[in-house]
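I opened a structure today and kept short notes on what I looked up. The entries follow in the order I made them.

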Amino acid sequence: MNKNLMQNTKENMKGYSNYKNDYIDIKNIDKLVPKELLHKINFLFNKDIPKEPKTPNDLLIYRLSQLKESDMQQFFYKQVVLLQYELKQLNKFNELEFVQNDNGDTAGGQLSQGQRIALYKRKKAEGSRKGFPDISMYFYSAKLNLRDTVFCEVKRIGAPSEIHLTEEQLDWFLKLNSMGFNAYITNNPIFFKDVVLGEIKKIFV
């Protein structure tokens, strides 16, 4: 993605933000993201939650839809640990590491406004970057002598108005992809397992 396209996308974001809290209106995400990157964003909404789960995937979506964003992230971590074990069975020198990024966005949840501002100032001075993806996955293939990093912003399942995507988060998504990394935004555990981790697994097998 070239620099001009990224700048135009950033300008377009201004028209699709909720001015009350600067969240992106994700119903208009297809107008904000270049079409070649849209497949890297995958959201489940309330309407997608099965009322009577009939398959293991249905049951998983139903259960996670009742939980918080942090629970979704914990599920993602467990899936990476499983893949990590599988890759080690292929070659003991293969590496896959999951890292939760401290971007300062959630650290001040229980603080007063003054304490939160002071915390964010300190985190920024330490190098935290607002909106940076929640997780990074670093991997290395010994056989191919290949190393790479995949990023993912994690959201909760809910109505479009309950899925809070900030301008900074979308900006990082665009920037990282423009730099040649694979960056994703999702609240879909099936998409994460089959697509995000599936792309990593394909490299090793």
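**Notebook: one chain, looked up piece by piece**

I began with Lys 201, which counts as partly exposed because its relative accessibility is 31%. I noted that the model is a predicted one. Lys 201 lies in helix α7. I asked which residues Lys 201 is in contact with, leaving aside its neighbours within four places in sequence. I found Leu 83 and Glu 86. I then looked up the spacing of Lys 201 and Leu 83: they are 118 residues apart in sequence, but 7.7 Å apart in space from C-alpha to C-alpha.

**Entry: α4 and α7**

I went on to the two helices themselves. Helix α4 covers residues 69-90 and helix α7 covers residues 189-204. Their axes come within 11 Å and cross at roughly 25°. Angles under 35 degrees count as roughly parallel, so I wrote down α4 and α7 as roughly parallel to each other. The crossing of α4 past α7 is right-handed.

I listed the residues that make the contact. From α4 they are Met 72, Phe 75, Phe 76, Gln 79, Val 80, Leu 83, Glu 86, Leu 87 and Leu 90. From α7 they are Pro 189, Phe 192, Lys 193, Leu 197, Ile 200, Lys 201 and Phe 204. I sorted the residues of this contact by kind and got 12 nonpolar, one polar and three charged.

**Entry: Asn 188**

Next I looked at the loop between β7 (182-186) and α7, where Asn 188 lies. Is Asn 188 buried or exposed? Its relative accessible area is 10%, so I put Asn 188 down as buried. Not counting residues up to four places away in sequence, Asn 188 touches Asn 42, Leu 44 and Phe 76. Phe 76 had already come up in my list for α4. I also checked Asn 188 against Ile 157, and the two are 31 residues apart in sequence and 7.5 Å apart in space, C-alpha to C-alpha.

**Entry: salt bridges**

I reminded myself that side chains of opposite charge can pair when their charged atoms come close. How many salt bridges does a search of the whole structure find? The search finds seven.

- Lys 27 forms a salt bridge with Asp 25, with the closest N and O atoms 3.3 Å apart. Lys 27 is exposed at 59% relative accessibility, and Asp 25 is partly exposed at 27%.
- Lys 155 and Glu 153 meet through their side chains in a salt bridge of 3.4 Å, N to O. Lys 155 is buried, with a relative accessible area of 3%, and Glu 153 is buried at 2%.
- Asp 194 and Lys 193 meet through their side chains in a salt bridge of 3.5 Å, N to O. Asp 194 is partly exposed at 47%, and Lys 193 is partly exposed at 31%. Lys 193 was also in my list for the contact of α4 with α7.

**Entry: the whole chain**

Last, I stepped back to the chain. I counted seven helices and seven strands. Along the sequence they follow the pattern α-β-β-α-β-α-α-β-α-β-β-α-β-α. The chain has 205 residues, and buried residues make up 42% of them. I then took the contacts between residues at least 6 apart in sequence, and 68% of these join residues at least 24 apart.

Note on methods:
Residues are numbered from 1 along each chain as its sequence is written. This is a predicted model: local features need pLDDT of at least 70, side-chain atom pairs count only at pLDDT 80 or more; totals for chains, interfaces and linings use all residues. Side-chain values use heavy atoms; hydrogens and water are left out. Axes are lines fitted to C-alpha atoms, for helices over the stretch in contact, and angles run from 0 to 180 degrees between N-to-C directions. Helices (H or I, at least four residues) and strands (E, at least two) are DSSP runs, numbered from the N terminus. Angles under 35 degrees count as roughly parallel, over 145 as roughly antiparallel, 65 to 115 as roughly perpendicular and the rest as oblique. A crossing is left-handed if the near helix is turned anticlockwise from the far one by less than a right angle, and right-handed if clockwise. Contact means heavy atoms within 4.5 Å. Ala, Val, Leu, Ile, Met, Phe, Trp, Tyr, Cys and Pro count as nonpolar, Asp, Glu, Lys and Arg as charged, and the others, Gly among them, as polar. A salt bridge is a side-chain nitrogen of Lys or Arg within 4 Å of a carboxyl oxygen of Asp or Glu. Buried means under 20% relative accessible area, exposed over 50%, partly exposed in between (1.4 Å probe, protein chains only).
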